[in-house]
Amino acid sequence: MEIRSLGHSGFLAESADWLVIMDPWVSSSGAYDMAWFQYPRNHHMASWLQDKVFNAKKPIYLYISHEHKDHYDPEFLRRLKKENIEVLIPKFRRKSLRDDLGNLGFEKITEVTDGGTYSLQNGSIRIYVEDAELDRDSAILVSSGKETFLNLNDCKIYDKLPEILREYGSIDVFTAQFSGATWHPTCYQYTVERYREISRNKKHSKFKTLMRAIQILNPKIYIPSAGPACFLDPDLFHLNFEEENIFPRSEVFKDYLTSELRENCPRWIGLQPGDVLNISSGAILEDRSVDRAQESSVREYLAKYSNDYVNDFAAMKVENEKVDLLRTLIDLQKELQAKLDLFPMRADLNLPFYFGLIDFSEKIVRVDFQKGSVDLVETYLLNPPYYRVLAQPRQIRRLLDRKMNWEDFSLTFRVQIDRQPDEYKTLLNAFVFVDSQDLPAFCAKWESMQKNMARLKVDVGGKTYEIAHYCPHQNADLSAGWSEDDRYWVCPKHGWKFDLTNGGKCTLNASTLNAKCIK
């Protein structure tokens with residue numbers, strides 16, 4: 001089996017009998033309203049992949065892991081010849097991905113349940129599904145019968161890795177996201193020192209969690225993927241080069257991994273778009289037809305890259321200035337009231353949420369969860385405690401006009417966020433991120449999770465503690481977690497740390513595992 005990089009988190013697995021295309025994000029228009037772009041640049045792979053599909057003489061399978069636009073590229077998929085393609089997607093509760101693919105013209109679409117296997121000639125595909133409303137994602141394992149390729153992209157199924165290893169015995173090639181993709185702390189109004197501290201801690205948590213996954217799987221080869229994207233918008237360009245942020249490039253993770261694992265580190269292969277790895281021989285064929293990104297010249301590379309979009313970003317600024325600000329706030333008020341009416345757990349939030357426009361200081365929308373009301377108020381009324389989001393008028397207009405959904409909006413990073421106290425609240429995040437029609441399902445799942453009273457025994461620092469079996473964040477199985485510093489238990493999914501010497505309280509917020517020392 002050969003593995004070809006398509007760039008970012010995209011791969012093409014090929015055997016003598018089939019092709020499996022995974023998450024091809026190759027369009028030159030970027031993602032999230034041109035906030036993210038592929039690094040290294042991979043736009044040449046679009047025409048190459050179109051030709052590959054058109055001329056293929058064997059079955060073709062297209063796998064889309066989830067709806068995030070750096071994985072699901074409708075602009076490119078619309079151009080593919082579809083007659084010989086069978087689409088494999090995770091079976092999510094929400095059917096929007098299946099519906100969208102159908103609207104693009106794909107007729108052969110198979111939804112695969114968690115752990116479900118799809119048989120190929122002399123091979124198989126297994127898909128692992130994570131559907132927590134706040135996170136909808138999946139991972140894929142492609143087997144040729146002789147070789148295995150496990151592609152986690154950014155699906156955090158670390159608690160399932162021991163089970164995968166038991167079933168397959170060994171993994172030849174493993175790839176997974178090593179970089180962050182969230183608006184915390186990226187968009188928060190922190191001091192430089194606090195921003196760097198949070199970024200450093202999140203980066204190291206991500207590195208450590210992925211390192212443990214590599215230790216569990218012990219693959220022959222690790223391929224870095226699924227990030228980081230690069231940011232070409234002048235308002236976001238600084239994110240590429242901050243001293244500490246959650247978007248480290250692959251060389252930073254490579255240094256960490258080799259220093260921690262030393263002789264136990266798997267073979268590291270950094271494929272650039274178009275490069276091919278032959279798994280059985282270990283040989284690499286590099287694509288030398290385009291400029292290859294090098295860390296030593298990354299500033300020049302990105303400056304040249306961003307220069308191609310100068311007119312696009314200038315046009316966005318002009319469009320931003322034409323938005324009717326007051327009308328947009330009134331429409332936003334109606335939208336948030338509609339969300340609030342569908343949010344059955346609003347009474348559990350006891351601080352107001354403010355949503356306004358950048359550079360418009362006269363009015364702001366105020367959500368009162370306790371009263372169930374959304375009002376347009378004077379900004380001077382804003383006093384702690386609160387959670388506040390300010391966004392570009394154009395961005396809000398696109399959201400209200402259904403040109404992007406709430407989750408895509410959050411990933412544009414064109415927002416300014418402030419929260420007092422500085423504490424994560426899952427329910428508040430759900431209200432902001434989750435689309436209106438999905439809020440009741442999220443709340444039902446959240447309520448069920450809160451009622452789950454299963455307990456687990458863990459040994460930490462020479463003592464035995466009884467803790468909640470599942471993480472209060474997104475229900476990860478904590479039996480796959482680990483101890484740190486003789487006092488903490490760490491969630492395997494997102495790296496949340498719980499202080500068992502303090503009743504199991506989370507170090508990030510008020511969540512707890514209700515830990516009890518039993519001996």
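1. The four-stranded sheet. In this predicted model, four strands make an open sheet in the order β23-β24-β25-β26. Their pairing is antiparallel. Strands β23 (482-484) and β26 (505-506) are the edges, and each pairs on one side only.

2. Strand β25 covers residues 497-499. β25 and β26 run antiparallel and are joined by two bridges. As background, strands of a sheet pair through backbone hydrogen bonds, either parallel or antiparallel.

3. Strand β2 and its burial. Strand β2 spans residues 10-14. Five of its five residues are buried, so the rest of the structure largely encloses β2.

4. β2 with β1. Strand β1 takes in residues 2-7. β1 pairs with β2 in the antiparallel sense, over five bridges. Arg-4 stands opposite Leu-12 of β2. The two strands form a hairpin with two residues between them. His-8 sits in the turn and has a positive phi of about 55°.

5. β2 with β3. Strand β3 is made of residues 19-22. β2 and β3 run antiparallel, joined by four bridges. Val-20 in β3 is the bridge partner of Ala-13.

6. Gly-10 lies in strand β2. Why does Gly-10 count as buried? Its relative accessibility is 0%, and the cut-off for buried is under 20%. Gly-10 touches Arg-4, Ser-5, Met-22 and Asp-23, leaving out residues up to four places away in sequence. Take Asp-23 from that list. Gly-10 and Asp-23 are 13 residues apart in sequence, yet their C-alpha atoms are 4.7 Å apart in space.

7. The largest nonpolar core. This core has 75 residues. Which residues have the most contacts inside it? They are Trp-36, Trp-183, Phe-353, Phe-355, Phe-409, Phe-413 and Ile-467. Helix α12 (residues 426-433) gives the most to this core, with six residues. Another core lies apart from it, with 52 residues; Leu-19, Val-26, Leu-80 and Leu-120 are among them.

8. Phe-409 and its contacts. Phe-409 is one of the residues with the most contacts inside the largest core. Residues up to four places away in sequence aside, Phe-409 touches Trp-183, Phe-355, Ala-391, Gln-395, Ile-396, Leu-399, Met-404 and Val-415. Trp-183 and Phe-355 are themselves on the list of residues with the most contacts in that core.

9. Ser-410 in helix α11. Helix α11 runs over residues 406-410 and includes Ser-410. Is Ser-410 buried or exposed? Ser-410 counts as buried, because its relative accessibility is 4%. Where does its side chain reach? It comes to 2.6 Å from the backbone oxygen of Glu-407. Neighbours within four places in sequence aside, Ser-410 is in contact with Trp-183 and Phe-433. Trp-183 also touches Phe-409.

Technical notes. Residues are numbered from 1 along each chain as its sequence is written. This is a predicted model: local features need pLDDT of at least 70, side-chain atom pairs count only at pLDDT 80 or more; totals for chains, interfaces and linings use all residues. Side-chain values use heavy atoms; hydrogens and water are left out. Buried means under 20% relative accessible area, exposed over 50%, partly exposed in between (1.4 Å probe, protein chains only). Two strands pair if DSSP finds at least two bridges between them. Contact means heavy atoms within 4.5 Å. A polar contact is a pair of N or O atoms within 3.5 Å; within protein, one must be able to donate a hydrogen and the other to accept it, and residues adjacent in sequence count only if both atoms are side-chain atoms. A nonpolar core is a set of buried Ala, Val, Leu, Ile, Met, Phe, Trp, Tyr and Cys residues joined through side-chain atoms within 4.5 Å.
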